[in-house]
Amino acid sequence: MIPPIIILTWLFQTLIAFVSTVAFSIIFHTPRREWLCTGTTGAVGWLVYLISMELGAGTVGASFFATVALTWFSRVFSFARKAPVTVFLICGIFPLVPGAGIYYTGYHFLMSDKSLALSTGLETNKIAIAIALGIGIVLSMPKFFFTWSQEGKSTARTGR
């Protein structure tokens with residue numbers, strides 16, 4: 001059983017991820033009508049990341065699972081809202097990008113702490129590869145996984 005304080009912390013962090021994703025959407029000039037969906041995408045990704053970390057997946061595994069979830073939501077929103085998937089994907093991936101890892105890799109390198117720079121850099125690269133794999137796997141899936149209409153299912157079966 002997960003203690004209630006952990007669940008409250010997750011909810012708070014998920015809310016912060018939602019708000020930060022919407023803020024990035026504004027900076028990214030995403031249309032206003034898509035802000036709720038982009039925020040939801042970022043929040044879902046972060047919540048899956050937190051749950052995966054709690055279940056012991058590690059940073060790289062949690063990043064992969066979170067990326068799969070948010071890319072899935074990006075594709076669903078893309079078909080539902082008739083908008084490019086990149087609108088939701090680029091904004092939604094914002095909470096998961098290992099910016100601190102990149103910063104600390106450069107910092108340790110410039111401070112001549114080569115072993116720590118290498119360690120941080122390798123971990124950051126693993127996270128980036130996990131994110132790329134998660135995006136690639138979901139984006140390569142057929143359309144019928146993301147639509148609920150008969151049109152999407154019949155189109156996928158007939159190939160038209």
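A salt bridge, as I use the term here, is a side-chain nitrogen of Lys or Arg within 4 Å of a carboxyl oxygen of Asp or Glu.

First, some ground rules. The model is predicted, so local features need pLDDT of at least 70 and side-chain atom pairs count only at pLDDT 80 or more, while totals for chains, interfaces and linings use all residues. Residues are numbered from 1 along each chain as its sequence is written, and side-chain values use heavy atoms, with hydrogens and water left out.

Now the overall picture. The chain has 7 helices and 0 strands; here helices (H or I, at least four residues) and strands (E, at least two) are DSSP runs, numbered from the N terminus. The C-alpha trace spans about 60 × 35 × 35 Å along its principal axes. Of the 160 residues, 37% are buried, where buried means under 20% relative accessible area, exposed means over 50%, and partly exposed lies in between, with a 1.4 Å probe and protein chains only.

On to contacts, meaning heavy atoms within 4.5 Å. Among those between residues at least 6 apart in sequence, 65% join residues at least 24 apart.

As for charge, there are 11 positive and 5 negative side chains. Lys and Arg count as positive, Asp and Glu as negative, and His and the chain ends are not counted. The centres of the two sets lie 16 Å apart, taking NZ of Lys, CZ of Arg, CG of Asp or CD of Glu as the place of a charge.

Back to the salt bridges. Side chains of opposite charge can pair when their charged atoms come close. Which residues are linked in a network of salt bridges? They are Arg 33, Glu 34 and Arg 81. Glu 34 meets Arg 33 at 3.6 Å, N to O, and for Glu 34 and Arg 81 the closest N and O atoms are 3.0 Å apart. Glu 34 is buried at 3% relative accessible area, Arg 33 is exposed at 61%, and Arg 81 is partly exposed at 35%.

The remaining pair is Glu 123 and Lys 126, at 4.0 Å, N to O. Both are in helix H6 (residues 114–139), and because they are 3 residues apart there, about one helical turn separates them. Glu 123 is partly exposed at 30% relative accessibility, and Lys 126 is partly exposed at 44%.
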